[in-house]
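Visitor: I am new to this structure and should like to understand the reasons behind the terms used for it. May I put some questions to you?

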Amino acid sequence: MKYIPLSLLLIICFVFGGIMFKSMTPPRCETLNQNDNIFVLTGDVRRIPYALKKLESLQYGNLYIIGAGATNIPNMIHVNVESASKSTYQNALAIKKIVNEKDLNRIVVVTTEDHMNRALYLLRTTLPETDIVACPASLTGMPTPTRVKRWAIEYIKYIVTMFGIKES
């Protein structure tokens, strides 16, 4: 039996890992409690409107918009904006600060489905004692090539993050 060239083996591992990466993503928003604190990571136009819609369904909830690029945010009593963080890792550190200040033991994270795995990884390593609920915003309606490209970029960033490079 011939041996498989290393480059082919790496490609197969990369593709298989990408399939696993996509399958690990929560398919939909988990059940929210009426007093949940929602943290939405900026970076995609779908995220903030989706998070605001989720906030509307909560009786006592709060929304924290985390990251640069938060513009045209409605001035609402339960909406808070942090705009200093500029990467997913900095978002995680900003969320940790708020969680510690507010003494929260459960948070809901809203980001797009392609970004969710890396965001959850960084948040769970930054906040190991906090219950983190995933609430992915769908990429429905986006052209397939664009979706595939986004998933591939996030998969590569996830791999880089797993190797300890958090500012990717």
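Visitor: How many disulfides does the structure hold, and which residues form a disulfide?

Guide: This is a predicted model, and it holds 1 disulfide. The partners are Cys 29 and Cys 135, whose sulfur atoms lie 2.1 Å apart.

Visitor: Why is the disulfide of Cys 29 and Cys 135 called left-handed?

Guide: The torsion about its S-S bond is about -105 degrees, and therefore the disulfide of Cys 29 and Cys 135 is left-handed.

Visitor: Which parts does the pair of Cys 29 and Cys 135 tie together?

Guide: Cys 29 sits in the loop between α1 (6–24) and β1 (37–41), while Cys 135 belongs to strand β5 (residues 131–137), so the pair connects parts that are 106 residues apart in sequence. Both Cys 29 and Cys 135 are buried.

Visitor: Why does Cys 13 count as partly exposed?

Guide: Buried means under 20% relative accessible area and exposed means over 50%, with partly exposed in between. Cys 13 has 44% relative accessibility, so it counts as partly exposed.

Visitor: How many aromatic pairs are there?

Guide: The count comes to 6 aromatic pairs. One of them joins Phe 21 and Tyr 158, with 5.1 Å from centre to centre and 50 degrees between the planes.

Visitor: What makes the pair of Phe 21 and Tyr 158 tilted?

Guide: Planes under 30 degrees apart count as stacked, over 60 as edge-to-face, and the rest as tilted. The planes of Phe 21 and Tyr 158 stand at 50 degrees, so this pair is tilted. Phe 21 lies in helix α1 and Tyr 158 in helix α5 (residues 144–162), so the pair ties together parts that are 137 residues apart in sequence. Phe 21 and Tyr 158 are both buried.

Visitor: Why is the pair of Phe 39 and Tyr 64 called stacked?

Guide: Their ring centres are 4.7 Å apart and their planes meet at 10 degrees, so the pair of Phe 39 and Tyr 64 is stacked. Since Phe 39 is in strand β1 and Tyr 64 in strand β2 (residues 62–66), the pair ties together parts that are 25 residues apart in sequence. Phe 39 and Tyr 64 are buried.

Visitor: Which residues do ring pairs link into a cluster?

Guide: The cluster consists of Phe 14, Phe 21, Tyr 121, Trp 151, Tyr 155 and Tyr 158.

Visitor: How do you know that the span of helix α3 agrees with its number of residues?

Guide: Helix α3 (residues 88–102) has 15 residues, which at 1.5 Å a residue should span 21 Å; its end C-alpha atoms are 21 Å apart, so the two values agree.

Visitor: Why are the buried residues of α3 said to line one face of the helix?

Guide: The buried residues of α3 are Thr 88, Asn 91, Ala 92, Ala 94, Ile 95, Ile 98 and Val 99. Viewed down the axis of α3, the buried residues fall within an arc of 165 degrees, so they line one face. What covers them includes β1, β2, β3, β4 and α4 (113–126). On the other side of α3, Lys 97, Asn 100 and Glu 101 are exposed.

Visitor: What is the phi of Asp 103, and why does Asp 103 count as exposed?

Guide: Asp 103 is in the loop between α3 and β4, and its phi is near 55 degrees, a positive value in a residue other than glycine. Most residues other than glycine have a negative phi. Asp 103 counts as exposed because its relative accessibility is 69%, and the cut-off for exposed is over 50%.

Visitor: Where is Val 160 placed, and why does Val 160 count as partly exposed?

Guide: Val 160 is in helix α5. Its relative accessibility is 27%, so Val 160 counts as partly exposed.

Visitor: What pLDDT does the protein chain average?

Guide: The average is 92, and 98% of the residues score at least 70.

Note on methods
Residues numbered from 1 in each chain as written. Predicted model: local features only at pLDDT ≥ 70, side-chain atom pairs only at ≥ 80, totals over all residues. Heavy atoms only, no water. Disulfide = S-S within 2.5 Å. Helix = DSSP H or I, 4+ residues; strand = E, 2+ residues; numbered from the N terminus. Buried < 20%, exposed > 50% of the residue type's maximum accessible area, 1.4 Å probe, protein only. Phe/Tyr/Trp six-rings, centres within 6.5 Å; stacked < 30°, edge-to-face > 60°. pLDDT = per-residue confidence, 0-100. Expected span 1.5 Å × (residues − 1). Arc of directions from axis to C-beta. Contact = heavy atoms within 4.5 Å.
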